[in-house]
Amino acid sequence: MLKYLSYSIVVVWLLMAFAGFFIGDHANEVVLSQFLSPPSEQAFLSTAILGTDELGRPVLERLILGAQTSLFVALGVVFFSAIIGTTIGVYSGYVGGLTDKIITKVIDVFLAFPGLLLAIALAAILGPGIENVVFALVVVGWVGYARLARAQTLSLRNREHILAARSLGVSTPLMLYRHVLPLILAPLGVEATFGIAGAVISEAGLSFLGLGVQPPDASWGSMIKEGTRYLLMAPHLVLAPGIALMLVVLAVNLIGDQWRDHLDVRSKKSRP
Amino acid sequence: MIAYFFRLLGSVLFVSWTVGTLVFFLIHLVPGDPVAVMLGDWASPTDETALREQLGLHLPITTQYWHYITGIFQLDLGQSLFFHQPVSELIAERFPMTLQLAFMALIIASLIAFPLGLWAALRAGKWPDHLSMSVSLIGVSIPNFWLGPMLILFFSLWLAWLPVSGAEQPFSWVLPAVTLGTALAAILARMLRASLLEVLHEDYIRTAQAKGLPSRLVYGKHALLNALLPVVTILGLQLGTLLGGAVITEVVFDWPGLGQLLIESIQRRDYPVVQGCILVISIAYITINGLTELVYAWLDPRIRVAS
């Protein structure tokens, strides 16, 4: 039941992001006569069903554009950090020696640094904008994949099939891609799922602080920020993006939990 | 133990130096001229030169780096461009507020997490377990920049029980601390439940039950104390994370701490302050993590031996 619910929330998220392509500039159109109108059933079947914001823009359309932003950032961040982190981690774990020692030290330093703070610092220095948000979150995010991939590779490197391939003279890149990577994809997939939830929250957080997506572009984080100024008059401005954000994060986390339990035999056994 | 302490101190110093260097180069090597960014498009060349000299940006980068690193050890973090006041003074004013907030959040989180985790573990698999774990899942997923405004709406605007923002009134800290502590409470409750479940299957628990100890003693003394060890570690590590999370909470509640100073200084392009705030929060974070490891090693001799 919970499983289907979480998958449906993610599907709705994807559909909203897709619908964003058809809205275009209409969502940014200022209609001052409509400003801060509350959600109403009279507006049923129109985009004003969730009310309008301080510039008279329909909240539903802003929400859809925000879904697009969060999906774009989440996919970008997870894609790049997973590729970069996995490559570094697998290589480090497989090669070992001094290279591994140096890379482990670098990973430790990154882990010793509060992630959100580093992202804030980077976003502040690079300036606002969606690409810079993705960049900042990748700089913070690759470490998790690198650590996981390295640990997994270490446990594999002396397996028979690796030794066999090595004695046949398989080159290192091919070895990692063909013989190591397929065996560690599952835990990395789980990490990536949680990574999506983390990136959605981080993007919204940076946009909330004014360091992410800039107006008139919409982000759930900046919608919450703008809405807090009208909290008493128009709580729907904060409620709508907040609930959307929470549902997406909750659903993605639940899916991640399910996958982890599915893969982890130990947690299945210890579960009462 | 002493050798362990010094090794830890060494690693804290090493990471602090790396963070300092990273922050320095982050600001100096990013494409674009910080002076042009700080002054905007309409600044006159004279102003730009003046600011560049004030910041020491006309010196070679190695000299700047040397000044910066030696400055840190003399607690000299430069001058604020906005306040015309030493950065270290500004930070000394604001830092206690952030620490206070993080500490209150930690206490609130523990007050919520311990009963919740204990209840879930003792009724594992039954409805209290499901209920408290669902609550904690929501707690993990709720972003603090949304929880904050919701709490303000409910407790400050509708019920008018607590102040909306600031830190002047007696109960100003309640809402920010709850906002900051919620996610931690959720994580702690889950950790405690998992840790207790593991301990409850141990032989000594069965022995304690078999010899007829009241369940208050079995759970309160034998189980809880042993389950606490991993939880204490998480608690310490999370205190560091709280310092990072405090940035957003402080902005939501207009709490005059280091995080709010950081974000305001970013908006004012007051780079010396930005640099100082990031450095101080990072070093605090690293130090707290180091102290946690030390406490952990003191509690559990196996770790000292293993390392």
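Trainee: Leaving aside neighbours within four places in sequence, which residues is A119(A) in contact with?

Mentor: A119(A) is in contact with A136(A), L137(A), V140(A), S202(A) and L206(A). Keep in mind that this is a predicted model.

Trainee: Where does A119(A) stand in the largest nonpolar core?

Mentor: That core has 154 residues.

Trainee: What is the general rule about nonpolar side chains?

Mentor: In soluble globular proteins, they tend to be buried together.

Trainee: Let's stay with chain A. How many helices and strands does its secondary structure come to?

Mentor: Chain A has 10 helices and zero strands. Read along the sequence, the pattern is α-α-α-α-α-α-α-α-α-α.

Trainee: What share of chain A counts as buried?

Mentor: The figure is 47% of its 272 residues.

Trainee: And what about contacts between residues at least 6 apart in sequence: what percentage join residues at least 24 apart?

Mentor: In chain A, 69% of those contacts do.

Trainee: Tell me about α2(A). How many residues does it have, and how far does it reach?

Mentor: Helix α2 of chain A covers residues 59-95, which is 37 residues. From its first C-alpha to its last it reaches 53 Å. That is close to the 54 Å expected at 1.5 Å a residue.

Trainee: Why is α2(A) described as largely enclosed by the rest of the structure?

Mentor: Because 28 of its 37 residues are buried.

Trainee: What comes just after α2(A)?

Mentor: G96(A), which takes a positive phi of about 70°.

Trainee: Where is the kink in α5(A) centred?

Mentor: On V139(A), with an angle of about 35°. Helix α5 of chain A runs over residues 130-156 and has 27 residues. Its reach is 38 Å from first C-alpha to last, close to the expected 39 Å.

Trainee: Now the pairing. How many residues of chain A are in contact with chain B?

Mentor: 31 residues of chain A are in contact with 40 residues of chain B. On the chain A side, the elements giving two or more residues are α4 (115-126), α7 (172-208), α8 (220-227) and α9 (236-263).

Trainee: What classes of residue does that side of chain A have?

Mentor: By class, 25 are nonpolar and six are polar. No charged residues are on that side.

Trainee: What ipTM and pTM does the predictor give?

Mentor: The complex gets an ipTM of 0.80 and a pTM of 0.84. Chain B averages a pLDDT of 80, and 94% of its residues score at least 70.

Trainee: On to chain B, then. How many helices and strands?

Mentor: Chain B has 13 helices and zero strands. Its C-alpha trace spans about 85 × 55 × 30 Å along its principal axes. Buried residues make up 37% of its 307 residues.

Trainee: Where does the kink lie in α5(B)?

Mentor: At R94(B), shortly before the proline P96(B). The kink is about 30°. α5(B) has 36 residues and reaches 51 Å end to end, C-alpha to C-alpha, close to the 52 Å expected.

Trainee: Which residues other than glycine have a positive phi in chain B?

Mentor: H84(B), at about 50°, and D254(B), at about 55°, are examples. Most residues other than glycine have a negative phi.

Trainee: Where is H84(B), and is it buried or exposed?

Mentor: H84(B) lies in the loop between α4 (61-73) and α5 (87-122) of chain B. It counts as exposed because it has 7 C-beta neighbours inside 10 Å.

Trainee: And where is D254(B) found?

Mentor: In the loop between α10 (215-253) and α11 (258-267) of chain B. With 13 C-beta neighbours inside 10 Å, D254(B) counts as partly exposed.

Trainee: Last one. Where is M133(B), and what is it in contact with?

Mentor: M133(B) sits in helix α6 of chain B, residues 127-141. Leaving aside neighbours within four places in sequence, M133(B) is in contact with A120(B) and R190(B). M133(B) is partly exposed, with 18 other C-beta atoms within 10 Å.

Trainee: How far apart are M133(B) and L116(B)?

Mentor: In sequence, 17 residues; in space, 8.4 Å from C-alpha to C-alpha.

Methods: Residues numbered from 1 in each chain as written. Chains lettered and ligands numbered in written order. Helix = DSSP H or I, 4+ residues; strand = E, 2+ residues; numbered from the N terminus. Buried ≥ 20, exposed ≤ 12 C-beta atoms within 10 Å, placed from the backbone. Contact = placed C-beta atoms within 7 Å. Nonpolar A, V, L, I, M, F, W, Y, C, P; charged D, E, K, R; others polar. pLDDT = per-residue confidence, 0-100. Expected span 1.5 Å × (residues − 1). Bend = angle between axes of the 7 residues up to and from the residue. Core = buried A, V, L, I, M, F, W, Y, C linked by C-beta atoms within 7 Å.
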